[in-house]
Amino acid sequence: MDVADTLPGHNAGLVALLTKLQPLLDSGRMDNVVDVLALVSDLVDMLDGAMVEKLALLFEQATAVSWNVGNAARMATAQTQAEETPPSLYGLLSLLREPDTRRGVALALRTLNVLGRQL
Amino acid sequence: MSKHIVIVGGGVGGTMLANQLVTKLYSEILRGEVCITLLSNSPDHFYKPAFMYVAFNQFFDEELKRPERSLLRPEIDFRVDEVTRFDFAGQHLHTRSGKRYGYDFLVIATGCVPAPERIEGLKEAGDHFYDYAAARRLAERLNTIERGRIFISVSFPKTPNVPHQCGIAPVETTLMLDDLLRRRGVRDKVEIIYTYPSVAQLLRNCLFMQRPVGEALPGIFEQRNIRFQRDFTLGRVDAERRIAYSEEGEEQPFDILMATPPIRAVDVVLESGVSQAENDEGWLPTNHETLQVYGLQGVYVIGDTVDLPISKAGGACHNQAPVIANNITAEIRLGAPNSVYEGRVQAVAQMGLNAGMPLWYDYAHDVLPTPPSKLGGLLRTGFNRGLYWAVARGML
């Protein structure tokens, strides 16, 4: 007998929900769903403002880095594709004359420096 | 010839729109047919809703700002230069540095500013949380008051059916105040009185600008022993005697007057002469669907400067930016705008220091209040501390 048939009175919302749940009940997998709900509930209990603040900061740092690198790669790709011939050696060196290039090189070198410091 | 899009204002509206325009018009930008310039009067971008948290010692100055350049895609030409004059007929503008910028499309994203000086005595005796310095001053008062009376007032613009800044903020701060005073152990000695003016957009004699929330508020306030009063339109303040007088003829003493002050558009918008708003408030006549400024060629407006009946808040900009990005793109590619703004605004209201209530509304639907929850509060914290910056970058 379906669980929905055991309900006293008629509640359309509850009947629809129980009909959806019927396959889970029949196969004994409903326990998993209840376990997941309990786990989510435990996580909500354990979360506090300070933990969410740290997670949110981590999210910002990760998205900002991926956004910056993605933007740089996209723009550099477009500029490189727009060149009909590959740049000459002199052309490559002249890129270094641009302040933004030098700033980028400095950032890369400093990143390596700090990575080394953490070894 | 290259089309020049100029965005004025480095707040959340201008920033997210600039990034979304780059995405939309990327092929034209690569071909050199479109260029985008963003002008701001500050090298920093401020998460303005955090000023409210500053008043409750929940945010440091350093946490609520980022360099504007770091939030903009590299294709955008960003200049720190304040606009001093618009010449709409000539399709150009002038800046503090003496430069002149021509434009094919202009987006005004200059926001609004608190104007407590527009009510006699309010600047001298009142407090608010709509900029950093004012919020810090209020924080010092809220954290030292031992006994007395905190009086909350809300001032709407005089322009009909235009709301004050961030509609839910007075309710949020009233509930946060109650929590703060309980934490400090002085709540039983400090009286909180929440008041609302007689006219709130289309409603009269209410506690909130939308009926369903207004009807839920008495129950919420009574639970917390917060007094509430309708029909108190702040008329003037006696700074010396610390008494607030209403336009309805009532007087209320206070120890702290926590006010949502009058607001206005920024000077350069006021001086442009385009606004038809009452009381020299400067709201631009806005097409409520396309977000173009009526009577001007190629000019759009986003955020607080509109004269629409929707919240002056980031949650409105978030829904306006894609519409303007689509419309400018459609004007360039098809010759006419093709997207419509439906007035949607969404937010997570901070209902006390630890609880939150997700909400949304649009031109046709009011906010339907739901029970504030811990999960809602954590969602708001997550937004304040991390998600916001992804939204400003146009990622969410």
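Let's start with Arg385(B), which is buried at 12% relative accessibility (buried means under 20% relative accessible area, exposed over 50%, and partly exposed in between, with a 1.4 Å probe and protein chains only). The model is predicted, so local features need pLDDT of at least 70 and side-chain atom pairs count only at pLDDT 80 or more, while totals for chains, interfaces and linings use all residues. Residues are numbered from 1 along each chain as its sequence is written, chains are lettered from A and ligands numbered from 1 in the order in which they are written, and side-chain values use heavy atoms, leaving out hydrogens and water.

What does Arg385(B) pair with? Its salt-bridge partner is Glu63(B), with the closest N and O atoms 2.9 Å apart (a salt bridge is a side-chain nitrogen of Lys or Arg within 4 Å of a carboxyl oxygen of Asp or Glu). This pair links distant parts of the chain, 322 residues apart: Glu63(B) lies in the loop between helix H3 (50-54) and strand S4 (65-67), and Arg385(B) in helix H11 (residues 374-392), in chain B. Helices (H or I, at least four residues) and strands (E, at least two) are DSSP runs numbered from the N terminus. Glu63(B), at 25% relative accessibility, counts as partly exposed.

Helix H11 of chain B also holds Arg380(B), 208 residues from Glu172(B) in helix H7 (residues 169-184). Glu172(B) is buried at a relative accessible area of 2%, and Arg380(B) is buried at 9%.

Arg96(B) and Glu82(B) meet in a salt bridge of 3.6 Å, N to O. They sit 14 residues apart, Arg96(B) in the loop between strands S7 (92-95) and S8 (100-102), Glu82(B) in the loop between strands S5 (77-80) and S6 (83-87) of chain B. Arg96(B) counts as exposed at 58% relative accessibility, whereas Glu82(B) is partly exposed at 35%. Over all chains, the salt bridges come to 23.

Finally, look at Leu17(B), found in helix H1 (residues 12-24) of chain B. Leu17(B) is buried, at 0% relative accessibility. Which residues does it touch, not counting those up to four places away in sequence? The contacts (heavy atoms within 4.5 Å) of Leu17(B) are Ile7(B), Val107(B), Ile302(B), Ala321(B), Ile324(B) and Ala325(B). From Leu17(B) to Glu120(B) there are 103 residues in sequence and 38 Å in space, C-alpha to C-alpha.
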